[in-house]
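Visitor: Hi, I have this model open and would like to walk through it with you. Could you help me find my way around?
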Amino acid sequence: MSPPAPTWPALSARGLVKSFGAKQAVAGVDLDVGAGSFFGIVGPNGAGKTTTLRMATGLLRPNAGQVWVDGVDVWARPVEAKARIGVLPEDLALFERLTGSELLTFHGLLRGMDPGVVAERAAQLLDLLGLVDAGDGLVVDYSHGMRKKLALAAALIHGPRLLFLDEPFEAIDPVSARAIRSVLEQFTAGGSTIVFSSHVMELVERLCDHVAVMAHGRVVWAGPLDALRGGGTLEDAFVALVGAPDRAGQELRWLSSSHD
Amino acid sequence: MALVFARLKLRLLRNGMRSSQRAVMLVLAAIVAMWFGALAFSALASLRTDPAEAGDLTVVLFGSVAIGWTLLPVLGYGSDETLDPQRLALLPLSGPQLVVGLLAASAVGIAPVATLLGLSGALVALPHDALEALLVLTGVVGTVVLCLVASRTLVTALSPLLRSRRGRDVIIIAITLLAILPQALRFIGPGHSGSGNTRHQLELAARAVRWTPFALGGTVASEAGRGHLARSFLALVALAALIAVLLVLWHAALRYALTAADTSASPKHRHRERAESLPLFPRFFRWLPHDRVGAVAAKDLRYFMRDPRRRAALIGALTVPMVLFLSTVTSRAPSPASTLLGLLALFPASQLSLNQFGLDGAATWTYLTSGDDPGKDMTGKNIATAMFVVPFVVLASVAFAVASDGWAYLPLTLGLLPGVLGVLLGVGNVASVVVPYAVAERRNPLASSSGQGCLTALTSLAGLALELVLLVPAAVIVVIALATLPLAAATVLGVGAASAYGFVAWWGGRRIATARVAPRLPELLEAVSPKQAA
């Protein structure tokens, strides 16, 4: 398989395949994410978004295919590749018997950062994400939104070039979502790249400049957001691409009739 | 309603068989349960010729079965999820409907059938005519109903406690303590010396418990078998009243459990430690290096103090040296060399290090994304384990020295500590990566996990066996030195040899483990991540 381009994109994937038993979750994904872009991966549940992201971040070994981060092969030179990326996983499995500030310190030191820098950045991130008051409480007692924010802080503490976010806005209250969004906008303003998966179309429309649409383990469309939606909304374009079964004729008549 | 619930339970049991691992566990459980049932049945039935003893056995057996049923779910063995009333909270069911339905569902299962089988032995042993047979039958059925109602009532009454994280933590620890209590009691209690006359003891026991609540069903049967129909009938009335009271209590507990507020705590402020050092490092461990190794060690040390599963494992593992200590103290003239038994307090180190990444569970991804360096992670974990167990060993060794007047052996004991610890950690590192397994994150510590206990026990037995084999050469050197040299010289030689040996074992184990796991980190993550419940 030939490497994608002479000047490397932030992320490239070629022919990624992953099967779980007989079920093929990802059936050959090719993807290029330009440096500095805010890239959304959209798709229905079970389209293979999480599996693709896990393979791209070195957490799940692909059956076939290759992934490069800044031109570094994730599976051949994992340590170099992983130094460049930050990850917010979907399941938010954190060391939850640590406090928020302990967790950030832990993540920083694992990456071999200078202790002084770790302390400084941890304090700044907690402040920025509104977690200062909770910083001394155990993560196990955090709400879902607080966990997401903390996991984002942990993914950012080493200043990655490329950030992977799996469903960052799922089940998040509007205030936390705004805090997360403002951090992400600052992040891309500095020329870094974000790849995130979501099925909330409005968010993707508002945040992303590029999108990839996944269905049945493949990328069915990828490119600039405006080219995909044309004049309409992303949701219409998405449904047209992915295809929703037309059941308009089969009405549940009892649902709209009054009780008898 | 009862029928719907019973069918639901049957369906769930059948669906459970779809996973082959769970099917095997279920069949094994069924075989074991039925075997015990058959054993109890034949024990009772064989006493047909001896009515007095049959009656006593009935009373004692019925009583202990009922107590066992009530306590076992609390001890963490099999209360089943299908009956979690929370899942039924949104259905428009009245309280009595719910109680009857749940009761019917709990009657469908392996354990109730096995219990019924075992207790039915009384039907063969006791009655002489139809009326007596009828009374014995009511005693048997009544006891089974009592078992079901009592266990469900207790679990339901405890369930509000399970909602808060703190409550769950407390229960995990309490379960462990309860589980080791019998071991301790065996040493303290008087029944320690086995007197031969079991028949006499049975008679005494039966007399003592005959009119206690749990044994009432047995009394119904045994009095009927003796022809004391009035007494039998009186016991039956008391049993019915007891079941009625429990049903009312269960009903009340259900209503409370379904509507009580979620008491999970919001994040509590911990006392902020002085900001001179990074917050991750506990007070006495600020000296740990502020790098990957130190961070992992500090994190694990925090976890030893905060993670109830680790604390439970620790408490469980410490019972072995405790029991040995008690038996040393109680023996008349303990040998001074028994100071060496203080090393047994290292046992928890073995238990805690055999599945090091499994204890981190799904959070293991953290190590992977932050650059792969399993060798450093293991070193950090080993440091934490050593820091944590060494004080226990020192304490235990001093305690043994006091008890056996074996101060002369204290230097040797403490000197051997690093060597033995090295072997344990070396084996632990290899086991952690060769047979990693997910430790179920149990939301509800009262719910059973299928197959988990079996796997854990197998791994720890195999690990222990390997550790013992590897310790043999060091032990041989020490024993020979003790036998041939004066104690001081033997100490120097033994400690030197054991330390070198232990270091090699640790270093080698870590090397093998690192070489093995470094190319397989994603597979390790998969192995230790708890599977989503199917």
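Visitor: Let's start with A:Leu162. What is its bridge partner in β8(A)?
Guide: That would be A:Thr193. Do keep in mind, as we go, that this is a predicted model.

Visitor: Okay. How do the two strands, β7 and β8 of chain A, pair, parallel or antiparallel?
Guide: Parallel: β7(A), residues 162-166, and β8(A), residues 193-198, are joined over five bridges.

Visitor: Which helix packs on the sheet there, touching β7 and β8 of chain A?
Guide: That's α1(A), and it also touches β3 (38-42) and β9 (210-215) of chain A. The direction of α1(A) makes about 150° with that of β7(A).

Visitor: And what is the strand order in that six-stranded sheet?
Guide: Reading across, you get β6-β7-β8-β3-β9-β10 of chain A, in an open sheet with mixed pairing. β6 (85-88) and β10 (218-224) of chain A each have a single partner strand, so one side of each has no neighbour in the sheet. From one strand to the next, the twist averages 15°.

Visitor: Which helix lies across β6 and β7 of chain A?
Guide: Helix α5 of chain A, residues 144-156, runs there at about 165° to β6(A).

Visitor: Now the four-stranded sheet in chain A. What order are its strands in?
Guide: The order is β2-β1-β4-β5 in chain A; this sheet is open, and its pairing is antiparallel. At its edges stand β2 (23-33) and β5 (72-73) of chain A, each with one side left without a neighbour in the sheet because each has a single partner strand.

Visitor: How many bridges link β1 and β2 of chain A?
Guide: Eight, with β1(A) covering residues 11-20. If you want a pair to click on, A:Ala13 stands opposite A:Leu31 in β2(A). Helix α1 of chain A, residues 49-56, packs on this sheet too, touching β1, β2 and β4 (64-69) of chain A. Here the direction of α1(A) makes about 120° with that of β1(A).

Visitor: Switching topic: how many residues does each chain put into the contact between A and B?
Guide: Chain A gives 37 residues and chain B gives 34 residues. On the chain A side, α2 (78-83), α3 (100-110) and α4 (115-128) each supply at least two residues. The most comes from α3(A), with seven residues.

Visitor: What sort of residues are on that chain A side, by class?
Guide: There are 21 nonpolar, eight polar and eight charged residues on the side of chain A that touches chain B.

Visitor: I've just clicked on B:Pro522. Is that one buried or exposed?
Guide: Buried: 20 other C-beta atoms lie within 10 Å of B:Pro522, and 20 or more is what the label requires. You'll find B:Pro522 in helix α21 of chain B, residues 521-528.

Visitor: What is B:Pro522 in contact with, beyond its sequence neighbours?
Guide: Setting aside neighbours within four places in sequence, B:Pro522 is in contact with A:Leu59, A:Leu60 and A:Arg61.

Visitor: Last one: at what angle do α3 and α9 of chain B pack?
Guide: About 60°, with the axes of α3(B) (residues 51-71) and α9(B) (residues 198-209) 9 Å apart. The two helices are therefore oblique to each other, and α3(B) passes α9(B) in a left-handed crossing.

Technical notes:
Residues numbered from 1 in each chain as written. Chains lettered and ligands numbered in written order. Predicted model: local features only at pLDDT ≥ 70, side-chain atom pairs only at ≥ 80, totals over all residues. Pairing = 2+ DSSP bridges. Contact = placed C-beta atoms within 7 Å. Axes fitted to C-alpha atoms, helices over the stretch in contact; angles between N-to-C directions. Nonpolar A, V, L, I, M, F, W, Y, C, P; charged D, E, K, R; others polar. Buried ≥ 20, exposed ≤ 12 C-beta atoms within 10 Å, placed from the backbone. Parallel < 35°, antiparallel > 145°, perpendicular 65-115°, else oblique. Left-handed = near helix turned anticlockwise from the far one by under 90°.
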